[in-house]
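Take a look at the picture first, then read on.

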Amino acid sequence: MHIDLIAGARPNFMKIAPIIKQINKAQSNGDKIYYRLIHTGQHYDKNMSSDFFDQLKIPSPDINLKAGGGTQAEQIAKIMIRYENVLKKFKPNFCLVVGDVNSTVACSIAAKSNNIKVIHVEGGIRSFDRSMPEENNRIITDSITDYFFTTSRTANENLLNCGIAEQKIFFVGNTMIDSLIDNKKNFTKPLFWNEKKLKKGDYFVVTLHRPSNVDSERGLKKILEAIVTNSKGLKIVFPAHPRTIKKIKLMKYNAKNLHIVDPMNYFDFNYLVQNSKAVVTDSGGVTEETTYLNIPCMTLRENTERPETITNGTNILLGLDLLSIKKAFTKLFNGEWKKGSIPELWDGKTSKRIIDTLLKIDPN
Ligand code: UD1
């Protein structure tokens with residue numbers, strides 16, 4: 001069996017790494033399963049891409065499509081054309097995509113148009129918010145996926161509600177958590193830890209990059225002001241995505257306890273999260289990691305495609321009303337944050353379940 005594994009953007013890398021590890025194990029057990037790793041180039045900065053390859057021990061990509069930048073449509077189109085050219089030279093049996101980024105949808109469309117079966121890892125999750133590019137990417141990808149590997153029972157229900165046949169859906173858990181469990185021992189103090197005099201449980205971590213939160217300078221400034229005002233002077237560390245850094249540079253806002261830093265590597269970032277008092281974020285992946293690490297998490301969005309981080313986990317939705325930031329911080333400082341539990345099958349064995357299932361689907 002030949003599989004193309006697609007990785008293009010930062011949140012893909014931790015989902016792909018444990019799958020590669022599992023394929024290598026299957027190969028050493030004599031299974032005839034082979035892969036090509038295709039990097040689309042959607043994320044290309046060292047700290048958005050190659051640092052993750054190094055730390056997660058992902059081998060160098062077999063092919064790099066170098067299709068970063070541009071508008072969403074330009075990016076998707078570029079990736080589709082370049083991936084199709086790759087498929088002209090060799091057609092695998094399967095194309096495996098993860099998550100919901102532009103690379104996910106672009107490669108699944110190119111594969112499907114070339115009669116290659118599509119496997120979607122993290123299929124079926126839905127925010128039901130069509131203004132998010134990620135939601136459209138999920139829906140389009142799922143509409144042409146042949147085999148779905150899901151992170152929650154809710155995702156299975158969403159797919160069944162779309163008329164997908166039950167035998168195509170496999171609830172296996174979360175490969176992002178496989179990576180977290182596998183690498184927990186390697187988390188390291190970021191270089192700025194001492195310089196900024198950070199102490200365990202005594203600072204906040206903020207990550208924001210969604211267009212709805214960061215594209216308007218005024219909106220972003222209001223969010224930061226609300227966090228700073230309610231933080232009781234505790235330090236706030238904000239590793240900002242390149243798009244957010246661009247905005248912040250244009251905006252004139254400073255606060256003594258707000259520390260804006262460059263995007264961080266995987267080991268440093270998760271050390272920072274694991275030792276924080278709480279996280280404020282608009283990232284879906286971070287809500288999963290905080291749920292696993294049992295760190296209070298406030299999500300600056302009106303909806304989530306990962307409801308288990310709320311029903312089981314430590315996450316709450318703040319919506320877009322800034323007053324809710326105040327209420328959430330009060331709850332936290334009063335020691336009233338809910339206790340979380342780890343969602344079903346988030347046990348570090350998801351990638352094994354995926355590869356075992358694929359070997360049953362295609363035993364050759
Ligand atoms: C993408 C994903 C989002 C994910 C996020 C995590 C989509 C639709 N969105 O958003 O779901 O949560 O990644 O990081 O795929 N840029 C750089 N350096 C890089 C990469 C990007 O400067 O290494 C710049 C781009 O040129 C662009 C901007 O950042 O101006 C946005 O990048 P893009 O890949 O379009 O989407 P993200 O916002 O990163």
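Which helix gives the largest share of the shell around the ligand? That's α11, with three residues.

## Ground rules

This is a predicted model, where local features need pLDDT of at least 70, side-chain atom pairs count only at pLDDT 80 or more, and totals for chains, interfaces and linings use all residues. Residues are numbered from 1 along each chain as its sequence is written, and side-chain values use heavy atoms, with hydrogens and water left out.

## Around the ligand

The ligand has 18 residues around it, and Gln42, His43, Tyr44, Glu134 and His241 come nearest. (A residue is near when one of its heavy atoms lies within 4 Å.) Sorted by class, the shell has five nonpolar, seven polar and six charged residues; Asp, Glu, Lys and Arg are the charged kinds, Ala, Val, Leu, Ile, Met, Phe, Trp, Tyr, Cys and Pro the nonpolar ones, and the others, Gly among them, are polar.

Now for some atoms. A polar side-chain atom of His43 sits 2.7 Å from a ligand oxygen atom. For Tyr44, a side-chain N or O atom is 2.8 Å from an oxygen atom of the ligand. The protein covers 85% of the 740 Å² of accessible area that the ligand has on its own (Shrake-Rupley method, 1.4 Å probe).

α1 (10-28), α5 (133-143) and α11 (242-250) each bring at least two residues to the shell. Helices here are DSSP runs (H or I) of at least four residues, numbered from the N terminus.

Methods: A polar contact is a pair of N or O atoms within 3.5 Å; within protein, one must be able to donate a hydrogen and the other to accept it, and residues adjacent in sequence count only if both atoms are side-chain atoms.
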